[in-house]
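Reader: I have some questions about the structure shown below. Please take them one at a time and end each answer on what I asked for.

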Amino acid sequence: MIEWFRRADPNRPFLIWEGRTWSYRDARAEVERRMATAPLLSMPTLTPASVFDVLAGVASGGVTVVGPDPETTAPYQADLVVFTSGTSGPPKGVRLTRSNLEAAARASVEHLGHGPGDVWLLAMPLHHVGGLSIVIRQAYSGGAVLLQPGFEAERFAAAMRGGATMVSVVPTMLRRLLGMGPFHGLRAVLVGGGPIPDGLLEDAAAIGLPVLPTYGMTETFGQVATLRPGSPLEREAHPLPGIELRIEGDGRIAVRGDQVSPGYVGEPDRTDPWFVTSDLGAIEADGALRVIGRADAVIVTGGENVNPEQVEAVLREHEGVVDACVVGVDDDEWGQVVVGVFEGGAEAANVLRWAAERMPAHMVPKRLERMERIPRGAIGKADRQAVARSVLSEGD
């Protein structure tokens, strides 16, 4: 059994699910029962059984693989393997040790100040660190998990109004929740997992939500930088205790700390303690991190670099655009061209004319299509690969 899971008050609630509550005593019994047969490979669902299976796998001393690849049978140097989202490239199995998990949980507790009295609302998938990290950090801190079988806005909002103190959402979730308040009793609403549209944080703060932009990844088992609670609302995030950040010469964010994974499945441990991400960023004078966009999503068209997230931000300002996703597709003349899709009631031609008045010509999409719903991954990120396939098929 994991020491930090054993030390929690046995009478306090650990897991709350559809009217039933498991205390820490109950939860430990469930985990111990599963430890002997803890699965090597699982694709967990948002159910109590999956929560206990994941904890049993980590506690057993074996390896629990959480993800979509049934062929992943090679020897591991890890306690947990979680796959990256695959929205901007092939999913990769990230090897995580128990020390990584403990460091991530400890940093969260120190930075956000949550503890045994807190209830963290969980509706993010358990095959992604966005969901898994909530389970681990609550088990580490002695707090409770309020589990829901997926994100349904009205049910999620009801939990935010009645019992939850901590919440993690992606921007698309937050946007849908804004009209469902008032919300009282929340201590922190972490917003991450993708670009945050201009004005969204301000709209959330205006109705009393204590929103904290956060930045993290599978390779660090979640957050490495989050706006400090009580700080003036801004789009920057402060590094967690034990985390060092720097910006490489090409603008990419690099991370060092005990919660950084030793490497990927099928690869040796990395020798450089600095993990260089695929995200572009800047570090402000006070040490806060500002995330600019994805380095691997940059579109090079006619020799010009285009950050698709900047184009998307402009498109979202159009009153008839709810959301947008921009990608680059190969072109014989330009190398790549900017194309995009959007959700909303506007006419594509009108949006393009409007965009041409607000950004340089090389940033304006050469083609823009309206979609009923933009393809998204498990936690709500726009799936750029799926969008690229869609626009390519439309162009055939």
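Reader: Which residues lie nearest the centre of the second largest pocket?

Author: This is a predicted model, in which local features need pLDDT of at least 70, side-chain atom pairs count only at pLDDT 80 or more, and totals for chains, interfaces and linings use all residues. Residues are numbered from 1 along each chain as its sequence is written, and side-chain values use heavy atoms, with hydrogens and water left out. On a 1 Å grid over the protein atoms alone, a pocket is an open set of points where a 1.4 Å probe fits, with protein on both sides within 12 Å along at least five of seven lines, and a lining residue has an atom within 4 Å of a point. Of the 21 lining residues, those nearest the centre are Thr172, Met173, Arg176, Arg373 and Arg376.

Reader: What is the volume of the second largest pocket?

Author: Grid points are joined across faces, edges and corners, and a volume is the space filled by probe spheres set on them. For the second largest pocket this comes to about 410 Å³.

Reader: Which helix gives the most to the lining of the second largest pocket?

Author: Helices (H or I, at least four residues) and strands (E, at least two) are DSSP runs, numbered from the N terminus. With 4 residues in the lining, the top contributor, spanning residues 171-177, is helix H7.

Reader: How many lining residues of the second largest pocket fall in each class?

Author: Ala, Val, Leu, Ile, Met, Phe, Trp, Tyr, Cys and Pro count as nonpolar, Asp, Glu, Lys and Arg as charged, and the others, Gly among them, as polar. The lining divides into 11 nonpolar, 4 polar and 6 charged.

Reader: Which peptide bond is cis?

Author: Most peptide bonds are trans. Pro182 sits in the loop between H7 and strand E10 (188-191). The cis bond has omega near 5° and runs from Gly181 to Pro182.

Reader: How much space lies in the largest cavity?

Author: A cavity, unlike a pocket, is a set of grid points where the 1.4 Å probe fits but cannot get out. The search of the whole structure turns up 1 cavity of 30 Å³ or more. The space in the largest cavity is about 50 Å³.

Reader: Which element gives the most residues to the lining of the largest cavity?

Author: The lining consists of Leu101, Ala104, Ala105, Ser108, Ser133, Arg137, Phe221, Gly222, Gln223 and Gln259. Elements giving two or more of these are helix H4 (98-112), helix H5 (129-141) and strand E12 (222-226). The most, 4 residues, comes from H4.

Reader: Is Phe221 buried or exposed?

Author: Phe221 lies in the loop between E11 and E12, and has a positive phi of about 50° although it is not a glycine. Buried means under 20% relative accessible area, exposed over 50%, and partly exposed in between (1.4 Å probe, protein chains only). At 3% relative accessibility, Phe221 is therefore buried.

Reader: Which residues does Thr220 contact, leaving aside neighbours within four places in sequence?

Author: Thr220 is in the loop between strand E11 (211-217) and E12, and its relative accessible area of 0% makes it buried. Contact means heavy atoms within 4.5 Å. By that rule Thr220 is in contact with Ala104, Val255, Gln259 and Val260.

Reader: What is the relative accessible area of Glu18?

Author: Glu18 is found in the loop between strand E1 (13-17) and strand E2 (20-23). Its phi is near 45°, a positive value in a residue other than glycine. Glu18 counts as exposed because its relative accessible area is 62%.

Reader: How far apart are the end C-alpha atoms of helix H3?

Author: The expected span of a helix is 1.5 Å times one less than its number of residues. H3 (residues 48-60) has 13 residues and should therefore span 18 Å, which agrees with the distance between its end C-alpha atoms, 18 Å.

Reader: How many residues of helix H9 are buried?

Author: At the start of H9, a side-chain oxygen of Asn307 comes within 2.9 Å of the backbone nitrogen of Glu309. Glu309 is one of the buried residues of H9, which also include Val311 and Leu315. The helix covers residues 308-316 and is largely enclosed by the rest of the structure, because the buried count is 7 of the 9.

Reader: Which residues does Ala355 touch, not counting those up to four places away in sequence?

Author: Ala355 lies in helix H10 (residues 348-356), and counts as buried at a relative accessible area of 0%. The residues that Ala355 touches are Leu315 and Val364.

Technical notes:
Polar contact = N/O pair within 3.5 Å; in protein donor to acceptor, adjacent residues only side chain to side chain.
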